[in-house]
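Student: I would like to learn how to read salt bridges in a model. Where do we begin?

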Amino acid sequence: MACSVGLAALPHQIFHRLGAAPHQMMRKAAPPPAEHGVLLSDFDWIGDLGSGGFARVSKVRHRRSGAVFALKVSRDADPSTEEGEEAEVLRRAAGSPHVVACHALLRGAASEPAACVLEFMDAGCLRSVLRRRRALGTGAGAGIPEPALAEVAAHCAEGLAQLHSLGVAHLDVKPDNFLTNSNGEVKIADFNTSKILYGGGGGAGERRVLAVPITDGTSCYFSPERFAPGARAGPSGAMAADVWGLGVTVLELFLGRFVVSPKLSDAELELAICHGRHLRVPEEAEASAELRDFVAACLEREPARRATVPQLLAHPFLARRDVEASRRALREIIVETL
């Protein structure tokens, strides 16, 4: 399988340029496709990282450079429209510091599945951090304490801001799709259900999409409007759906458990999310007014009343946090669970 689309510096090139690390190389715009392709056979398998309905992800080492990456291999040997859209999202996001970097997109013959060479995040996803905290019995409920949570929320919101500014809605915002590392970084990943809202197209002028389907993703993180049959949304509506997912994510990380059970049927989920009690920080929980208001601003049922990502970045819960203390608290939590 040869590399037909270069999204950033290829693995064997990265470590021959001033000793720069992968995340530093991604600060620059993506170059044109590389002249010489990279092959799947250039990597040694180290271990499995995860598997889902769309792809499997493995930890691999590039033989020539010794660099470690995450290799995401599609389960479908027939490249689909969704894969093409994901590749476009990764191309647009190249250089975004809060989006997981893609170093190359590997594509071979029509019978071979697509594969992405991705930045390796050594602490896994936020769901894994919570799971390991519960296993350690750390803290009441094993949720993430507010100082560290504010830092996590800031990184997550910045990742969404970067995607939205590029004309992309993620549409599957949840703890599983935010990856972390031992440096205390949090980056958004997994663009299987993401939609391009505007831009691109080529030819005369810029193609604009007025509405995109918003019915794919993980139902227990759906905002109320996503339960409508054949639901579609324009740019502001799709971005509002991402904000709801962020609110549920922050609330779950605080509580250390699911807010809405993924075991419920679609009908039960719709009843709970659209017509049940408003999702909020529980009254009995020890939480600041800033955290309570942040979550409530994300989880407004009416999309037009929901906070935007820029408004969230200016919210006191994020804007007034002690950045150094929050970063230190987050790093400590991640390291203790590795």
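**Reading the salt bridges**

Tutor: Begin with a group. Glu-151, Arg-321, Glu-324 and Arg-327 are joined in a network of salt bridges. Keep in mind that this is a predicted model.

Student: How many salt bridges does a search of the whole structure find?

Tutor: The search finds 14.

Student: What makes a pair count?

Tutor: A side-chain nitrogen of Lys or Arg must lie within 4 Å of a carboxyl oxygen of Asp or Glu. Take Lys-72 and Asp-190: their closest N and O atoms are 3.7 Å apart, so the pair counts as a salt bridge.

Student: Where do Lys-72 and Asp-190 sit in the chain?

Tutor: Lys-72 is in strand S4. Asp-190 is in the loop between strands S10 and S11. They are 118 residues apart, so this pair links distant parts of the chain.

Student: Is Lys-72 buried or exposed?

Tutor: Buried means under 20% relative accessible area. Lys-72 has 10%, so it counts as buried. Asp-190, at 28%, is partly exposed.

Student: Which residue does Glu-119 meet in a salt bridge?

Tutor: Lys-187, at 2.9 Å from N to O. Glu-119 lies in strand S6 and Lys-187 in strand S10, so the pair ties together parts 68 residues apart in sequence. Glu-119 is buried at 10%. Lys-187 is buried at 2%.

Student: What about helices?

Tutor: Look at Arg-127 and Glu-252, which form a salt bridge at 3.1 Å, N to O. Arg-127 is in helix H4, Glu-252 in helix H6, 125 residues apart. Arg-127 is buried, with a relative accessible area of 8%. Glu-252 is buried too, at 0%.

Notes
Residues numbered from 1 in each chain as written. Predicted model: local features only at pLDDT ≥ 70, side-chain atom pairs only at ≥ 80, totals over all residues. Heavy atoms only, no water. Helix = DSSP H or I, 4+ residues; strand = E, 2+ residues; numbered from the N terminus. Buried < 20%, exposed > 50% of the residue type's maximum accessible area, 1.4 Å probe, protein only.
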